[in-house]
Amino acid sequence: MKRVLTLVMALCLGTAVQATEVMKLAVTTSFHNSGLADILVPQIKADLDLEVQLLVVGTGQALKLGRSGDVDAILVHSKAAEERFVAEGFAPHRREIMYNDFVVIGPVADPAGAQGATSARQALQLIAANRADFVSRGDDSGTHKKEQQLWRDAGLDPQGFDGWYKPVGAGMGAALNTAAGLGAYVLADRASWLNFGNRGGLALLFSGDPVLFNQYAFLPVDAGRHPHVQSALAMQLEGWLTSDRAKALINGYEINGETLFTFNAAPKVQ
Amino acid sequence: MNDIWGGLTQAVWLVVTLDAELLEISLRSLQVSVSALIVASLIAMPLAAFLSVKRFRMRRAVIAVLNALMGLPPVVVGLVVYVLLSRSGPLGVLGLLFSPTAMIIAQVIIIVPLIASIAHQSLRDLWQEYHDLLISMNVTQRQKMATLLWDARRALLTAALAGFGRAIGEVGAIMVVGGNIDHATRVLTTAIALETGKGEFALALALGFVLIALAIAINLAIHWLGRTEREGAW
Amino acid sequence: MVSTMFPLTLTGARSARAGKTLVGPVDLTLGGQGVTVVIGPNGAGKTSFLRMLHGAARLSSGRIDWACPTPEAQQKQGFVFQRPVMLRRSVLENIIYPLRIKGVSRTEATRRAHEWAERVGLGDMLGRAAPVLSGGEQQKLALARALISSPELLFLDEPCAALDGRAMIDIEKILTDARAGGTRLIMSTHDMGQARRLADEVIFLVHGQALEHAPAAQFFQSPATAQGRAFLNGDIIA
């Protein structure tokens, strides 16, 4: 009995031993799926001796984690929600880091003719007009919010859509898997698309409209609200993410010869 | 079909090359689930014995609740543990969220009802057999429980293995409370979910095959131990 | 050995289950020596009677008074069932069990277990699994397990039912030895030969009523009741 208890203690304690400098950063699925994190995180560890633990969630959950103080900082892409987050006092500021873009993915046959569209607005109108199957993230993520905004910009209300519009309530990868299975259209970030392994009959049909740009921002959680957060480490990380070092890595990151991200951090806090 | 074949070959490749990352997440899977199993057994087995020997007013209700909790969706457990352990939650000061300890807690909650229910079934049968004898010997409640637990140990092993199977294959709860953090809380099942999300079906399947192999190996090892024990005692 | 438990007095003692009387009401007094054999037709309530005395069946009305406080009396008695209950352990572990739960050291318990195993003829089976023993061996084990803690009183419910002659001889030998050692025995049997061989006194039970309680010689020679005569004649008692 004693031996068993010792074993239990050892196992439980064993889990508590960690490196000295550790912080938690909530990031969006789309950022993580891009693979850029696998380049940045080891470099941060090497440069700052800081282990950044990534919690890969949707923007909605990332903001929630920040609100509860369960992470030290967040890196997301939903400007309106981020500004509300700062206004409510959960973060001292919002720092833009980089952007990538969203793309419209759909079946190679392109029954709605989205490929010929001249704007994102027109591409979506064509899909709606043809009632072609469309998979929506439906998970309150940054990508989902962006998609909702785009529909509204196109003069359409997603609430009123019927059968062809399918909110799956899942991450980007799962949504792409579903779209591949259904032969449906889907809005994805370019990084997730390029890294996606199960394309099936899907292809990139439309991209390039500036409204599709996707701005990532870094928000440290306010230590005034949650005294236990690692503010100093978050500051250090922010400094690194806006440095020339990060700029070179971000701008230089490519998949299949395509650049994904554009570094656009302002030199100092806005 | 292509993916399954690819998954199998990739699984074999990962194992023979002793892939460092695979080793790490496999060991963490084992560490979390074995810890959860030990803690859960220490709770569930005495509870099952108590429910077998003690008649009290709410006994049937407790058993019914335990049976019902066997079907508890792990995601719900994860969410509850998450809310409790969150910095803004009642146990936030412990700072346990997104740690293996949090995953162990969630798994314990998931498998205690399962282990207790299965254990209770065999202990109840054994108690019917032993009842008259132990009563006639004026055995105390504690001794009754200890006797049942010891003599039903082989059936209890089955209960424990069922609990272990559910723990190591579980993903919903530990994803929520562990966060699937690379090098910290990533285990086989959460890695599988991640790779599936990326559309990397072959790698996801490979990890799945490793998980199955691991579960089979553990089961065989424990049954083998159980058999040597039987030969030794009798 | 003079028992502190006796005399045992039953006053209107009755045991019922789900509103149906199993045995009683019974009024009688039992002394502290020898072998009491409870006989009667099937369904007379012999098992219920023993269980009621032992405290294993709840008393629905009336009283059972030992000469000492009841919990103390219950510590000093054992019970051997018609179908012996085997712990799923080895023979040795079964025999030492009652000593171990009373806190006797394993060494001491094992020493005494070897002694008792020899006495009941299980000396070379200590390592075997108890549940796979034959019926006779199981009953011998049950006796050794009951007697090892030196009970002042031992109840036996049809201990030889379904046993062959050889096993029956062995078990009756164990019982007469125990009686000689001062252990008070109260047992039921449906075997009249066994009753005549072992009994010092007889309780004759019909429909849960103790129709007769008499010294064995007196009962077997001249039963006081018509039912008693009929039973000894081998007639069916409805």
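Predicted model: local features only at pLDDT ≥ 70, side-chain atom pairs only at ≥ 80, totals over all residues.

Reply: Residues are numbered from 1 along each chain as its sequence is written, while chains are lettered from A and ligands numbered from 1 in the order in which they are written.

Me: What makes up the secondary structure of chain B?

Reply: Chain B has ten helices and zero strands. Helices (H or I, at least four residues) and strands (E, at least two) are DSSP runs, numbered from the N terminus. The order of elements in chain B is accordingly written α-α-α-α-α-α-α-α-α-α. Its C-alpha trace spans about 65 × 50 × 30 Å along the principal axes.

Me: Why is B:Asp151 called partly exposed?

Reply: A residue is buried if 20 or more other C-beta atoms lie within 10 Å of its own, exposed if 12 or fewer, and partly exposed in between, with C-beta atoms placed from the backbone. B:Asp151 has 18 C-beta neighbours inside 10 Å and therefore counts as partly exposed. This residue lies in helix 6 of chain B. For chain B, 49% of the 234 residues count as buried.

Me: Which residues does B:Asp151 touch, leaving out those up to four places away in sequence?

Reply: B:Asp151 touches B:Leu126, C:Leu87, C:Arg88 and C:Arg89. Two residues are in contact if their C-beta atoms, placed from the backbone, lie within 7 Å. The C-alpha atoms of B:Asp151 and B:Leu126 are separated by 8.4 Å, and the two residues are 25 apart along the chain. Among contacts in chain B with a separation of 6 or more, 78% join residues 24 or more positions apart.

Me: Which pair of chains has the most contacts?

Reply: Of the two pairs of chains that touch, chains A and B have the most contacts. Here 25 residues of chain B are in contact with 27 residues of chain A. Helix 2 of chain B gives the largest share of the chain B side, five residues. By class, that side has ten nonpolar, eleven polar and four charged residues; Ala, Val, Leu, Ile, Met, Phe, Trp, Tyr, Cys and Pro count as nonpolar, Asp, Glu, Lys and Arg as charged, and the others, Gly among them, as polar.

Me: How many residues of chain B are in contact with chain C?

Reply: In this interface, 13 residues of chain B are in contact with 17 residues of chain C. Helix 5 of chain B supplies the largest share of the chain B side, six residues. That side has seven nonpolar, three polar and three charged residues. Chain A and chain C do not touch, and their nearest C-alpha atoms are 19 Å apart.

Me: Why are helix 3 and helix 10 of chain A called roughly perpendicular?

Reply: Helix 3 (residues 36–48) and helix 10 (residues 231–241) of chain A pack at about 115°, with their axes 11 Å apart. Axes are lines fitted to C-alpha atoms, for helices over the stretch in contact, and angles run from 0 to 180 degrees between N-to-C directions. Angles under 35 degrees count as roughly parallel, over 145 as roughly antiparallel, 65 to 115 as roughly perpendicular and the rest as oblique. Helix 3 and helix 10 of chain A are therefore roughly perpendicular to each other. In their contact, A:Ile44, A:Asp47 and A:Leu48 of helix 3 meet A:Gln236, A:Leu237 and A:Trp240 of helix 10.

Me: What is the angle between helix 4 and helix 5 of chain C?

Reply: Helix 4 (residues 106–120) and helix 5 (residues 135–147) of chain C pack at about 140°, with their axes 9 Å apart. That angle makes helix 4 of chain C oblique to helix 5 of chain C. C:Trp116, C:Ala117 and C:Val120 in helix 4 meet C:Lys140, C:Leu143, C:Ala144 and C:Leu147 in helix 5. By class, this contact has six nonpolar, no polar and one charged residues.

Me: What makes a set of residues a nonpolar core?

Reply: A nonpolar core is a set of buried Ala, Val, Leu, Ile, Met, Phe, Trp, Tyr and Cys residues joined through C-beta atoms within 7 Å. The largest such core has 182 residues, and A:Ile74, B:Ala106, B:Ile115 and B:Val177 have the most contacts inside it. Helix 5 (residues 100–136) of chain B gives the most to this core, with 21 residues. Apart from this core lies another, of 36 residues, among them A:Val104 and A:Phe206.
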